[in-house]
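Okay, thanks for coming, everyone. I'd like to walk you through some helix pairs and then a pocket. Here it is on the screen.

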Amino acid sequence: MRDLSGIVKAYDIRGVVGEQLDAEVVRAFGAAFARLVGSSAVVIGYDMRDSSPGLAAAFAEGVTAQGVDVVDIGLASTDLLYFASGRLDLPGAMFTASHNPARYNGIKLCRAGAAPIGQDTGLGQIRSDAENGTPDAQGVTPGTVTKQDLLDDYAVYLRELVDLKAIRPLKIVVDAGNGMGGHTVPRVFDGLPVEIVPMYFDLDGSFPNHEANPLDPKNIVDLQKRVREEGDADAGLAFDGDADRCFVVDERGEPVSPSAITALVAVRELAKSPGDTIIHNLITSHAVPEIVREHGGTPVRTRVGHSFIKEEMARTGAIFGGEHSAHYYFRDFWRADTGMLAALHVLAALGGQDGPLSALTSDYERYSASGEVNSTVADQAGRLAAIKAEFGGRDGVELDELDGLTVVLPDGSWFNLRASNTEPLLRLNVEAADPASVAALRDEVLSIVRG
């Protein structure tokens with residue numbers, strides 16, 4: 001029996017190739033996945049990392065050994081894999097470690113129709129079966145592997161959901177970070193009135209220019225600089241390694257918060273589906289539920305994480321959901337997250353009027369925020385308890401523990417402190433009326449967290 005607890009995370013499988021993740025382990029995951037989903041076939045895609053094709057092939061061996069067929073879509077972004085799962089109505093496996101460094105790889109799994117698989121909805125069972133050894137299928141004919149290219153179908157489908165044909169011409173700088181955006185962006189934008197200025201479109205899993213993690217401000221510096229240098233660029237887009245997240249900078253090279261993008265897209269979706277439900281996680285700006293209500297929608301707050309968002313979207317029938325980390329979920333996209341579709345919404349809104357993006361998004365940026373501040377701590381529970389004790393006794397303070405600890409102060413400022421699912425970290429997010437108030441509250445909390 002092997003211990004796979006170090007690589008089976010809350011929402012996916014992820015580890016260091018050759019140390020934690022190899023062909024034998026992945027083959028066992030493939031067999032366990034095939035047994036869990038009970039489907040006649042599964043669809044597999046993979047990113048540009050050197051290890052991805054080999055690991056995907058090993059996973060396919062595990063699947064076919066159970067008598068289950070494989071549809072291999074080859075190089076793909078994670079949202080292209082979700083598209084394939086939805087379009088073909090098959091369970092799916094995407095080989096990627098997203099924004100993690102080159103030595104990592106992993107697997108994101110879903111049921112047919114891109115339905116999420118998390119720790120409590122099948123991933124725990126897959127881990128147990130892989131640890132104990134999935135029994136060989138007896139008396140079955142091994143499945144077959146067929147290749148299918150769905151990139152064009154994916155591009156056509158996205159362009160049907162958001163019509164950009166009639167917008168004014170736009171010039172957009174795109175930083176693909178040597179990730180899968182370099183594969184999907186050219187096909188999606190082909191024929192649209194959008195001039196793409198490409199940055200780092202070469203697929204290279206060693207990430208020679210910067211980490212493919214736009215959530216870290218240092219990784220969008222090149223994009224910001226290029227937007228400013230162009231002089232006439234209307235916006236910039238940055239994708240993460242597997243291109244399921246998209247970050248936006250305006251014509252000045254200034255970042256547009258994912259919360260503002262969530263609000264902008266929510267307003268557009270509510271315009272075509274009045275009164276519908278919009279999902280937002282608890283770290284998203286309080287401006288999002290305010291704006292959703294102002295436009296006649298119903299905001300619903302959830303825990304952080306794609307499996308929670310997707311489950312809540314299924315429960316409520318929500319048309320759209322957004323997270324502070326730039327994951328955007330669409331009912332029209334099988335409730336799956338796709339940064340590309342969010343980007344198309346932003347460009348449709350921008351190109352449908354004459355003003356700059358900074359003016360357009362200013363309506364959705366109401367408060368100041370700290371961004372995510374991480375602290376390495378040995379005793380996560382103890383530090384959370386100390387914060388709860390410090391703030392819980394103050395007059396007018398509201399506490400909730402939906403996900404970590406959220407503290408709302410009488411003046412409307414708030415913070416959330418939550419433990420990482422994978423590292424000995426506490427993650428702090430603060431929002432207040434202005435930068436000075438954010439800094440003061442952030443520093444007060446950190447003084448207790450870091451002791």
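So, α8 and α9 cross in a right-handed way; a crossing is right-handed if the near helix is turned clockwise from the far one by less than a right angle, and left-handed if anticlockwise. Before I go on: this is a predicted model, where local features need pLDDT of at least 70, side-chain atom pairs count only at pLDDT 80 or more, and totals for chains, interfaces and linings use all residues. Residues are numbered from 1 along each chain as its sequence is written, and side-chain values use heavy atoms, with hydrogens and water left out.

Back to that pair. Helix α8 is residues 258-272, helix α9 is residues 287-294, and their axes come within 9 Å and cross at roughly 15°. Helices here are DSSP runs (H or I, at least four residues), numbered from the N terminus. The axes are lines fitted to C-alpha atoms over the stretch in contact, with angles from 0 to 180 degrees between N-to-C directions.

Who touches whom? From α8 we have Ser259, Thr262, Ala263, Ala266, Val267 and Leu270, meeting Val288, Ile291 and Val292 of α9, where contact means heavy atoms within 4.5 Å. That contact splits into seven nonpolar, two polar and no charged residues. For the classes, Ala, Val, Leu, Ile, Met, Phe, Trp, Tyr, Cys and Pro are nonpolar, Asp, Glu, Lys and Arg are charged, and the others, Gly among them, are polar.

Next pair: helix α1 (residues 23-37) and helix α2 (residues 52-64), with axes that come within 7 Å and cross at roughly 45°. That makes α1 oblique to α2. On the α1 side the contact includes Phe29, Gly30 and Phe33, and on the α2 side Leu55, Phe59 and Glu61 are among the partners. By class, it has 10 nonpolar, two polar and two charged residues.

Then there's helix α5 (residues 151-161) against helix α6 (residues 181-188), at an angle of about 55°, axes 9 Å apart. So α5 is oblique to α6, and α5 passes α6 in a right-handed crossing. This contact has five nonpolar, two polar and three charged residues.

Last, the pocket. Which residues lie nearest the centre of the second largest pocket? They are Ala10, Gln119, Asp120, Ser307 and Phe308, out of 11 lining residues. α4 (119-132) and α10 (306-316) each supply at least two residues of that lining.

Note on methods:
On a 1 Å grid over the protein atoms alone, a cavity is a set of points where a 1.4 Å probe fits but cannot get out, and a pocket is an open set with protein on both sides within 12 Å along at least five of seven lines; lining residues have an atom within 4 Å of a point. Angles under 35 degrees count as roughly parallel, over 145 as roughly antiparallel, 65 to 115 as roughly perpendicular and the rest as oblique.
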